[in-house]
Amino acid sequence: MAWPPTLDQLKRDMKIEDDRDDERLQQCLDAAVAYVERVRKGDFNFTTDPESELPEPTADLILGTLRLAGRWHIRRRSPDALVDMGELGLSRIATTDPDIERLLRIGRFQKARVG
């Protein structure tokens, strides 16, 4: 899989078949790519530089980036971290997703670094 992930990959992962939210989805994807490149800098060859000794981004990192972008896109509908579930009332949305953190190896799944 090539870096960075594409809008088509994101739409496929989210099962979106139309193009009405493409601009918002691309914005979320660009932000997720920038975030992952910043927090995982030095771990992967994001520039596909043939001289680099770093590995290319892995499939789990790409999937985590897509899922992060998807989460941010969906989260825009609940800025106060609550979602209305009709007759069931309101439900709180967790601020983090352990599956995404595990895929990206961030948060509590981050490797320990010695300064």
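The model is a predicted one.

**Entry: Gln9**

I placed Gln9 in helix 1. Is Gln9 buried or exposed? I found a relative accessible area of 15%. The cut-off for buried is under 20%, so Gln9 counts as buried. I then listed what Gln9 touches, skipping residues up to four places away in sequence. The list reads Met1, Pro4 and Leu66.

**Entry: helix 2**

I turned to helix 2, which runs over residues 22-39. I noted 18 residues and a reach of 25 Å from the first C-alpha to the last. That is close to the 26 Å expected at 1.5 Å a residue.

Which residues of helix 2 are buried? I wrote down Leu25, Cys28, Leu29, Ala32, Val33 and Val36. They cover an arc of only 135 degrees around the axis, so they sit on the same side of helix 2. I recalled the general rule: an α-helix has 3.6 residues a turn, so residues three or four places apart point the same way.

I checked the other side of helix 2 too. Glu23, Gln27 and Arg38 are exposed there.

What covers the buried residues of helix 2? I found that the cover includes helix 1 (7-14), helix 3 (59-75) and helix 4 (98-104).

**Entry: His73**

I went on to His73, which is found in helix 3. I read a relative accessible area of 4% for His73. Buried means under 20%, so His73 is buried. I set aside the neighbours of His73 within four places in sequence and listed the remaining contacts. They are Met14, Asp21, Arg24, Leu25 and Cys28. Two names in that list, Leu25 and Cys28, I had already put among the buried residues of helix 2.

**Entry: largest pocket**

How much volume does the largest pocket have? I noted about 200 Å³. The lining is made of 13 residues. I marked those closest to the centre of the pocket: Arg67, Gly70, Arg71, Ile74 and Ile100.

Which helix supplies the largest share of the lining? I found that helix 3 does, with six residues. Helix 1, helix 3 and helix 4 each give at least two residues to the lining of the largest pocket.

Methods
Residues are numbered from 1 along each chain as its sequence is written. This is a predicted model: local features need pLDDT of at least 70, side-chain atom pairs count only at pLDDT 80 or more; totals for chains, interfaces and linings use all residues. Side-chain values use heavy atoms; hydrogens and water are left out. Helices (H or I, at least four residues) and strands (E, at least two) are DSSP runs, numbered from the N terminus. The expected span of a helix is 1.5 Å times one less than its number of residues. Buried means under 20% relative accessible area, exposed over 50%, partly exposed in between (1.4 Å probe, protein chains only). The arc is that of the directions from the helix axis to the C-beta atoms. Contact means heavy atoms within 4.5 Å. On a 1 Å grid over the protein atoms alone, a cavity is a set of points where a 1.4 Å probe fits but cannot get out, and a pocket is an open set with protein on both sides within 12 Å along at least five of seven lines; lining residues have an atom within 4 Å of a point. Grid points are joined across faces, edges and corners, and a volume is the space filled by probe spheres set on the points.
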